[in-house]
Amino acid sequence: MSQQPRRSRPPGKPYRRPRKDPVRILAFEALRAVDERDAYANLVLPPLLRAARQREGFDARDAALATELVYGTLRRQGTYDAVIAACVDRPLREVDPPVLDVLSLGAHQLLGTRIPSHAAVSASVELARVVLGDGRAKFVNAVLRKIAADDLDGWLARVAPPYEEDPEDHLAVVHSHPRWVVSALWDSLGGGRSGIEALLAADNERPEVTLVARPGRSSAAELLEEEAAVPGRWSPYAVRLSEGGEPGAVEAVREGRAGVQDEGSQLVALALAAAPLEGPDRRWLDACAGPGGKAALLGALAAERGAFLLASEKQPHRAGLVARALDGNPGPYRVIAADGTRPAWAPGVFDRVLVDVPCTGLGALRRRPEARWRRRPEDLEGFAPLQRGLLRGALESVRVGGVVGYATCSPHLAETRAVVADVLKQHPGAELVDARPLLPGVPDLGEGPDVQLWPHLHGTDAMYLALVRRTA
């Protein structure tokens with residue numbers, strides 16, 4: 001039986017095994033998890049990095065590069081899609097998703113980092129050979145060489161429509177946000193080009209890691225002893241970690257005496273705790289407590305006054321996270337799994353109530369850049385009944401003279417002022433409280449009485465807070 005002849009290779013081109021680059025392979029795996037499993041990068045990346053440290057000997061520089069490749073690619077996905085689309089001969093939807101991920105990683109290295117062009121192309125082609133095969137690596141090489149022919153500004157001039165012809169589409173391409181998100185954020189800001197451009201640019205910046213010192217258990221002074229720590233901007237309990245700071249290396253965080261919490265979330269809890277009351281101040285409620293960051297801060301503040309905190313969360317597994325966050329709280333508290341729209345407690349028994357409602361998360365696009373590509377305008381309709389139901393339940397739970405804090409990590413008007421206005425129409429025995437004086441030192445809080453924080457103005461997530469006092 002004759003043997004099949006081996007396929008000959010072109011003379012002078014012996015086979016070479018592709019060089020494996022653990023950093024870029026890890027970044028590719030993270031992007032595939034985000035795409036295939038709808039995972040969030042902030043949940044996928046840490047375990048991948050831990051495994052790489054053990055298996056590949058990743059050092060801090062490797063981890064920093066992998067993190068930048070993943071988050072940078074996700075943040076600028078819309079821009080890179082427009083550039084890649086100009087360099088291929090088919091619609092992007094016809095490009096296999098794994099190939100598109102490699103192209104996007106390559107585009108980010110070429111257009112969004114200081115990696116030399118030849119190194120970015122070469123490394124991306126080698127990655128393609130490892131994860132896609134030689135055939136598709138040739139396609140990757142051809143596309144990236146086209147992209148490398150110009151810089152980011154040059155490409156934006158080619159692929160983004162002029163601002164004067166279509167402002168929203170121009171901003172969407174230049175700042176890598178879906179057009180509908182650009183429109184919604186612009187409406188919330190109240191117009192003007194400089195503000196919306198500053199906000200969209202801030203969404204594409206890497207956010208700082210912010211810690212919270214839980215009163216009675218730790219202090220900002222203790223956290224500031226860390227090498228990478230600097231004071232927070234607004235909250236007396238906030239400490240920021242400069243680039244490279246690792247929260248898990250902080251003893252108070254490991255022990256649960258401090259936590260990771262954006263300063264905007266801290267300000268929401270502090271404003272509710274500082275709101276003036278008429279009558280006693282003994283019972284506090286966090287009616288939508290998962291995953292527990294605000295509940296832990298509220299519990300510590302309540303303990304200082306001898307008040308009791310009930311932390312309620314509908315999903316049992318998230319209630320478990322709340323219990324973990326509150327474990328060791330110095331004052332009395334209880335965690336339950338219950339639905340805030342159907343209160344499991346007697347009406348009118350709480351002095352302070354926080355309801356941080358589920359939302360689109362458009363205020364935290366710095367931290368979850370993939371969320372901007374997953375959300376759709378129709379998602380607002382799904383959240384609307386729940387948000388109104390939770391605020392109604394909170395108003396039923398608070399006593400006359402008590403205060404409710406309605407909070408959401410979205411600046412979308414449909415999730416903020418529209419919800420509050422609709423519920424107050426149905427509750428004539430409630431009135432808005434001016435929240436601005438309760439955030440001392442924080443500038444640019446608008447006309448009130450509610451408060452909208454912004455990444456570009458305050459360095460926080462775009463948290464919204466309305467304080468409502470029950471009057472009858």
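**Entry 1: a parallel pair**

I started at Leu309, which stands opposite Tyr333 in S7. Five bridges join strand S6 (residues 308-313) to strand S7 (residues 333-337), and the two run parallel. I noted that two strands pair if DSSP finds at least two bridges between them. Helices (H or I, at least four residues) and strands (E, at least two) are DSSP runs, numbered from the N terminus. From S6 the chain crosses through helix H16 (residues 316-326) to S7, and this β-α-β crossover is right-handed. Right-handed here means that, with the strands pointing away from the viewer, the path from the first strand over the helix to the second runs clockwise.

A note on what I am reading: this is a predicted model, where local features need pLDDT of at least 70 and side-chain atom pairs count only at pLDDT 80 or more, while totals for chains, interfaces and linings use all residues. Residues are numbered from 1 along each chain as its sequence is written, and side-chain values use heavy atoms, with hydrogens and water left out.

**Entry 2: an open sheet**

Next I looked up a sheet of four strands; it is open, has the order S2-S3-S1-S4, and its pairing is antiparallel. Its edge strands are S2 (229-231) and S4 (258-260), each pairing on one side only. From one strand to the next the twist averages 35 degrees. Strand S1 (residues 209-213) pairs with strand S3 (residues 238-241) over four bridges in the antiparallel sense. There, Leu211 stands opposite Val239 in S3. Helix H14 packs on this sheet and touches S1 and S3, its direction making about 30 degrees with that of S1. For such angles, axes are lines fitted to C-alpha atoms, for helices over the stretch in contact, and angles run from 0 to 180 degrees between N-to-C directions. Contact means heavy atoms within 4.5 Å.

**Entry 3: helix H14**

Is H14 buried or exposed? Eleven of its twelve residues are buried, so H14 is largely enclosed by the rest of the structure. Buried means under 20% relative accessible area, exposed over 50%, and partly exposed in between (1.4 Å probe, protein chains only). H14 covers residues 263-274 and reaches 16 Å from its first C-alpha to its last, close to the 16 Å expected at 1.5 Å a residue. That expected span is 1.5 Å times one less than the number of residues. At the start of H14, a side-chain oxygen of Asp262 comes to within 2.8 Å of the backbone nitrogen of Gly264.

I then picked Gln266, which lies in H14 and is buried, with a relative accessible area of 0%. Its side chain is joined to that of Ser235 by a polar contact of 2.8 Å. A polar contact is a pair of N or O atoms within 3.5 Å; within protein, one must be able to donate a hydrogen and the other to accept it, and residues adjacent in sequence count only if both atoms are side-chain atoms. Not counting residues up to four places away in sequence, Gln266 touches residues including Thr210, Leu211, Tyr237 and Leu297.

**Entry 4**

Six of the seven residues of strand S12 (residues 464-470) are buried, so S12 is largely enclosed by the rest of the structure. Strand S9 (residues 398-408) runs antiparallel to S12, joined by six bridges. S10 also pairs with S12 in the antiparallel sense, over four bridges, and Val433 stands opposite Leu467 in S12.

Last, I found Gly441 in the loop between strand S10 (430-433) and strand S11 (451-452). Gly441 is exposed, with a relative accessible area of 64%. The C-alpha atoms of Gly441 and Trp234 are separated by 6.9 Å, though these residues are 207 residues apart along the chain.
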